Amino acid sequence: MMSSTRRHNLLGPAVLCLVLLMAPLFIPTYWTMILSEILIMGLMAISFNLLLGYTGLLSFGQGAFFGMGAYSAALMLQAGYQNLLLILLVGILAALLAALIVGFFSVRLDEIFFAMITLGFGMLFFSIAHNWLDVTGGSDGLPVFTLPSVKFFGSELTFYTPINMYYLVFTLVLVGIILLWLIVHSPFGLILTSLRENKQRVAFIGGNVKILRVVAFALSGAFTGLSGVLFCLFNNMATPEFMHWSFSAKPVIMSIIGGTGVFLGPLFGAAIFFVLEQVIIQFTENWMLFLGIVLVPIVLFFPQGVFGTLRNRFFKQGVK
Amino acid sequence: MSSQNVLRIENLGHSYGKFKVIEDISLAIHQGETSALIGPNGAGKTTFYNAISGKFAPTRGKVLLNGEDITGLPAHRVVDKGMCRSFQITNIFSELSVAENVFSPLIIQQKKHFKLSGNIYRDKAITEKTMHTLEQVGLADRADQVVANLAYGDKRLVEMAIVLARDPSVVLLDEPTAGMNPEETENMIALIKRLAKNSGTTFFITEHDMKVVFSLAERIYVLHQGHLLAQGTPEQIRANAQVQEAYLGRKVHA
């Protein structure tokens with residue numbers, strides 16, 4: 001018989017939340033900032049994995065939507081807008097729109113061709129950000145000098161200290177991740193997984209593959225845009241590098257390290273990525289070289305990513 | 001035109017460049033009647049199936065489903081209109097559970113595929129229909145199993161459940177017993193007979209195994225080199241000298 005409801009183990013995520021909530025009290029400020037970065041990039045990686053892990057599409061242009069979020073925020077702050085909610089909303093909408101357009105032209109392709117066209121679009125966005133001096137500040141990027149503040153129980157809450165910034169990031173990343181979790185486990189989410197498994201079959205049960213994929217792509221872009229807005233606030237800066245293909249490769253690497261088959265896998269991938277960077281950078285400038293050396297055995301020995309493989313080994317039997 | 005003709009094909013043809021794979025095929029299938037399309041390899045059976053099910057648009061001719069022109073509609077629209085198909089090579093969602101394989105067509109049928117929240121397992125309209133469909137094909141006790149772990153014959157049944165989930169008026173089955181052992185074949189024949197009788201579904205199958213064809217089909221169409229060579233009851237087809245010569249004589253000791 002079919003189990004009436006599927007059980008989700010919420011203990012792990014609850015503990016993780018608690019740890020993240022308490023962490024700044026026990027770690028140095030520098031690591032609090034690293035943790036903020038992990039959370040932001042983790043959100044970007046989970047949004048990306050909505051495409052790779054759930055829909056079966058390898059997008060190599062996520063940087064474009066991250067950048068759309070970041071530049072929208074920077075432009076608004078420079079123009080004097082101080083409403084955090086408005087900045088978030090505009091950033092997300094800008095990324096969503098960009099993703100709708102890119103998605104419209106890209107989703108008819110598959111696999112490596114899809115990766116290449118999204119990479120191409122990403123580089124198109126990069127070129128615009130890099131060359132349109134009047135608006136984007138060119139290669140220097142757009143600096144942000146004032147951050148929006150929030151009224152919190154009657155008092156004005158600012159985000160100039162790393163601790164306050166961390167809790168802002170934590171809250172918004174948490175909201176983003178919860179929304180993504182709901183999407184992944186919704187009827188739409190099951191259809192996406194069906195698409196990953198067999199897109200021809202989806203067409204032959206009545207699903208419009210192109211529209212379904214465009215919607216998935218746009219949603220992924222929107223959440224990537226949210227992470228872009230957050231990174232602009234955290235970094236006090238939007239730069240064209242966000243849209244470069246090498247930046248778009250980050251969520252790919254993080255998802256593969258962490259595991260594309262597990263919802264939180266990419267977040268763990270982001271954590272491993274940044275911790276490795278911090279450790280390696282103490283010894284050498286060429287940390288990407290050593291990242292490569294670490295990446296190869298991970299791909300070889302953890303076929304479902306570090307988190308995915310460990311979870312499947314200890315907690316439940318995987319497929320086959 | 002008789003309104004009982006649930007599926008009607010008029011002068012259907014398809015070419016790849018100058019090569020005519022199928023040509024001038026006309027047939028009319030009655031509501032509730034199980035029919036079979038047979039023919040030697042390369043006769044154009046698969047092309048015919050693909051052209052009427054929306055895999056691609058036929059170059060010539062018309063396809064009418066329940067009196068409505070569906071010629072050249074994309075696959076998902078053909079399914080919406082009430083015709084669903086299986087494939088020669090099992091076409092299912094391997095890493096999902098048996099139940100989830102049936103959820104997908106139902107989610108789409110009930111237009112919940114853009115619903116971004118909510119637990120499907122708590123959606124009675126979907127779970128009850130899923131269990132009903134799984135009971136029909138005899139997979140109810142394996143609802144929670146991941147499809148990849150099932151035996152081959154059971155995977156074919158999963159595809160059957162996917163195809164049946166949306167209550168199509170016409171079901172196209174492309175070699176439903178291909179690769180099955182004798183016992184699985186017997187089960188599949190019994191299943192199709194039972195479904196045709198109980199639900200009134202119109203089955204249109206292609207099959208290599210003549211035993212399957214003659215035990216299921218009330219009407220047989222013979223395709224030979226892209227043309228419809230003959231059609232009739234199983235007895236008429238057995239007795240047809242042209243068919244004997246083109247096809248049956250070599251393959252079946254009837």
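Two strands are taken to pair if DSSP finds at least two bridges between them, and helices (H or I, at least four residues) and strands (E, at least two) are DSSP runs numbered from the N terminus. The model shown in these views is predicted, so local features need pLDDT of at least 70 and side-chain atom pairs count only at pLDDT 80 or more, whereas totals for chains, interfaces and linings use all residues. Residues are numbered from 1 along each chain as its sequence is written, and chains are lettered from A, with ligands numbered from 1, in the order in which they are written.

**View 1. A hairpin of strands S9(B) and S10(B).** Strand S9 (residues 219-224) and strand S10 (residues 227-232) of chain B pair in the antiparallel sense over 5 bridges, and B:His224 has B:His227 of S10(B) as its bridge partner. There are 2 residues between the strands of this hairpin, and B:Gln225 in the turn has a positive phi of about 50 degrees.

**View 2. An open sheet of 4 strands in chain B.** The strands follow the order S2-S1-S4-S5, and their pairing is antiparallel. Strand S2 (19-30) and strand S5 (68-69) of chain B stand at the edges, each with a single partner strand, so one side of each is left without a neighbour in the sheet. Strand S1 (residues 5-16) of chain B pairs with strand S4 (residues 60-65) of chain B over 5 bridges in the antiparallel sense, and B:Leu65 in S4(B) is the bridge partner of B:Leu7.

**View 3. Packing of helices H3(B) and H4(B).** Helix H3 (residues 98-109) and helix H4 (residues 124-137) of chain B pack at an angle of about 120 degrees, with their axes 9 Å apart; axes are lines fitted to C-alpha atoms, for helices over the stretch in contact, and angles run from 0 to 180 degrees between N-to-C directions. H3(B) and H4(B) are therefore oblique to each other, given that angles under 35 degrees count as roughly parallel, over 145 as roughly antiparallel, 65 to 115 as roughly perpendicular and the rest as oblique. The residues that make the contact include B:Val98, B:Val102 and B:Leu106 of H3(B) and B:Ile126, B:Thr130 and B:Leu134 of H4(B), where two residues are in contact if their C-beta atoms, placed from the backbone, lie within 7 Å.

**View 4. The side of chain B that touches chain A.** The contact takes 40 residues from chain B and 30 residues from chain A. Helix H2 (75-81), strand S6 (83-85), H3 and H4 of chain B each supply at least two residues of this side of chain B, to which H3(B) gives the most, with 8 residues.

**View 5. Helix H1(B), which is mostly covered.** In helix H1 (residues 45-53) of chain B, 7 of the 9 residues are buried, among them B:Phe48, B:Tyr49 and B:Ile52; a residue is buried if 20 or more other C-beta atoms lie within 10 Å of its own, exposed if 12 or fewer, and partly exposed in between, with C-beta atoms placed from the backbone. B:Gly54, whose phi is positive, near 95 degrees, follows H1(B).

View 6. Leaving aside its neighbours within four places in sequence, A:Leu172 is in contact with A:Leu226 and A:Leu230.
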